[in-house]
Amino acid sequence: MISVIYNNSPANIQQAAKIIKDGGLVAFPTDTVYGLGANVYNPKAVAAIFEAKGRPTFDPLISHIAEVDFLSEYACTDERVLELAKHFWPGPLTFVLKRKDNNPSLDLVCSGLPHIAVRMPNHPLALNLIKSAGVPIAAPSANKFKCISPTTAQHVADSLGDKVDMILDGGPCKIGVETTIIDLTTPEIVMLRAGGLSKEDIESFTGEKVIISHGDPNKPSAPGQLLKHYAPRMPMRINVLEEDVRPDEFFIGFGQTPKAQLNLSPSGNLSEAASNLFAYMRIAETHTEYSGIAMSPIPEDGLGLAINDRIRRASYDK
Ligand code: TXA
Ligand code: MG
């Protein structure tokens, strides 16, 4: 299967929607990263996602919707869920909710769990595609399992180009790290994965403390928690000060780091850093004249939580 990158046009969106309805795979842009999408109600198509990514089926997928009304089709909602949805959707926040019924066609998407993960992406192309397809779209990040998530259509073509029917190009993703995932199946709000929406933003809206999950990383309820993930093809050291970078290391800086080959954000802006993170890790790993990557320390607040989470896993070497 040879796939090509298609630009954002009504005809291409219609074609992509037809592919989804017919059980094929379409990669599409979101506000966070590119997703590899299939009809959530078609287990064969969902299975093809796991196969294309080389992803184990115990690792459930997020389903993407374009209207809040869709939620009640398969998930249990309450006032807290709807308030959060109204405030933060469309946007970089995923909810884990109780499934409403045991529709067996959703078992694979949910990896057999009684819960389903749902989000509404803040990207017009993604929303148009979901509406045209008329079904929620299951989509993990469009990369091979454990590899760096894609933030451009070309990144998708490079790693999964021969495995998808179509790649829709919506330009580079604005946020650049995946969604924040919160579990809303318990009275507390539990953050399963740090991501594009900060913990502080959720707390200031709800007036409640968000609990950070420290589940067993090798038996993850959100496998973004696997210790090794998002890995570049070269060893990476993190929290490296400019003066400690070794001569054989490609240096990705942050803030005042004039010797950096690439700087995530010279002004020290965490949103800018998040949006550059995966693309810069991809560039760094192509510099095979170096034997490793060194990365500056990143402050552990706001989007820094998500950035540090990703680079810790990317640098894990066991
Ligand atoms: O930004 C994003 O969230 C991107 C874009 C494409 O939407 N998607 C993404 O999907 O990052 P993926 O598959 O790479 O990560 C999905 C995470 C996994 O860690 C998965 O375990 C968790 O969501 N998840 C999905 N369903 C779940 C469930 N029922 N219970 C707990 N965690 C779940
Ligand atoms: Mg992923």
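Analyst: The discussion below goes from the domains to the backbone and then to charged side chains. Please bear in mind that this is a predicted model.

User: Into which domains is the protein divided?

Analyst: The assignment gives domain 1, covering 10–176, and domain 2, covering 236–315. Their centres, taken over C-alpha atoms, are separated by 29 Å. Nine residues of domain 1 and eight residues of domain 2 make up the contact.

User: How should I read the area buried between domain 1 and domain 2, and what is the value?

Analyst: In general, the size of an interface is often expressed as the accessible area lost when the parts come together. Here, about 740 Å² is buried between domain 1 and domain 2, and carbon and sulfur atoms give 60% of that area. On the side of domain 1, Ile148, His155 and Gly176 lose the most area to domain 2, together 60% of what that side buries.

User: What classes of residue does domain 1 present to domain 2, and how many salt bridges and polar contacts are found between the two?

Analyst: The side of domain 1 that touches domain 2 has four nonpolar, four polar and one charged residues. Between the domains there are zero salt bridges, but four residue pairs are in polar contact across the interface.

User: Which residues have a positive phi without being glycine?

Analyst: Ser111 is one of them, with a phi of about 50 degrees. Ser111 sits in the loop between β5 and β6 (115–119), and is classed as partly exposed because its relative accessible area is 21%, where buried would require under 20%. Asn239 also has a positive phi, of about 60 degrees, and lies in the loop between β12 (236–237) and β13 (249–253).

User: Is Asn143 buried or exposed, and what does its side chain reach?

Analyst: Asn143, in the loop between β7 (137–138) and α6 (153–160), has a relative accessible area of 3% and is therefore buried. Its side chain reaches the backbone oxygen of Cys147 at 3.1 Å. Leaving aside residues up to four places away in sequence, Asn143 touches Lys53, Ile148, Ser149, Pro150, Ser159 and Leu160.

User: How many salt bridges does the model have, and how do I read them?

Analyst: The general idea is that side chains of opposite charge can pair when their charged atoms come close. The count comes to 14 salt bridges. Lys18 and Asp22 form one at 2.7 Å, N to O, and both residues are exposed. Glu203 and Lys209 form another at 3.6 Å; Glu203 is buried at a relative accessible area of 15%, whereas Lys209 is exposed at 62%.

User: What of Arg310 and Asp309?

Analyst: Their side chains meet in a salt bridge at 2.6 Å, N to O. Arg310 is buried, with a relative accessible area of 0%, and Asp309 is buried too, at 10%. Through shared partners, salt bridges join Glu178, Asp309, Arg310 and Arg313 into one network.

How values were computed: Residues are numbered from 1 along each chain as its sequence is written. Chains are lettered from A and ligands numbered from 1 in the order in which they are written. This is a predicted model: local features need pLDDT of at least 70, side-chain atom pairs count only at pLDDT 80 or more; totals for chains, interfaces and linings use all residues. Side-chain values use heavy atoms; hydrogens and water are left out. Domain bounds come from an automatic or database domain assignment. Contact means heavy atoms within 4.5 Å. Buried area is the accessible area (1.4 Å probe) that two parts lose on being put together, summed over both. A salt bridge is a side-chain nitrogen of Lys or Arg within 4 Å of a carboxyl oxygen of Asp or Glu. A polar contact is a pair of N or O atoms within 3.5 Å; within protein, one must be able to donate a hydrogen and the other to accept it, and residues adjacent in sequence count only if both atoms are side-chain atoms. Ala, Val, Leu, Ile, Met, Phe, Trp, Tyr, Cys and Pro count as nonpolar, Asp, Glu, Lys and Arg as charged, and the others, Gly among them, as polar. Helices (H or I, at least four residues) and strands (E, at least two) are DSSP runs, numbered from the N terminus. Buried means under 20% relative accessible area, exposed over 50%, partly exposed in between (1.4 Å probe, protein chains only).
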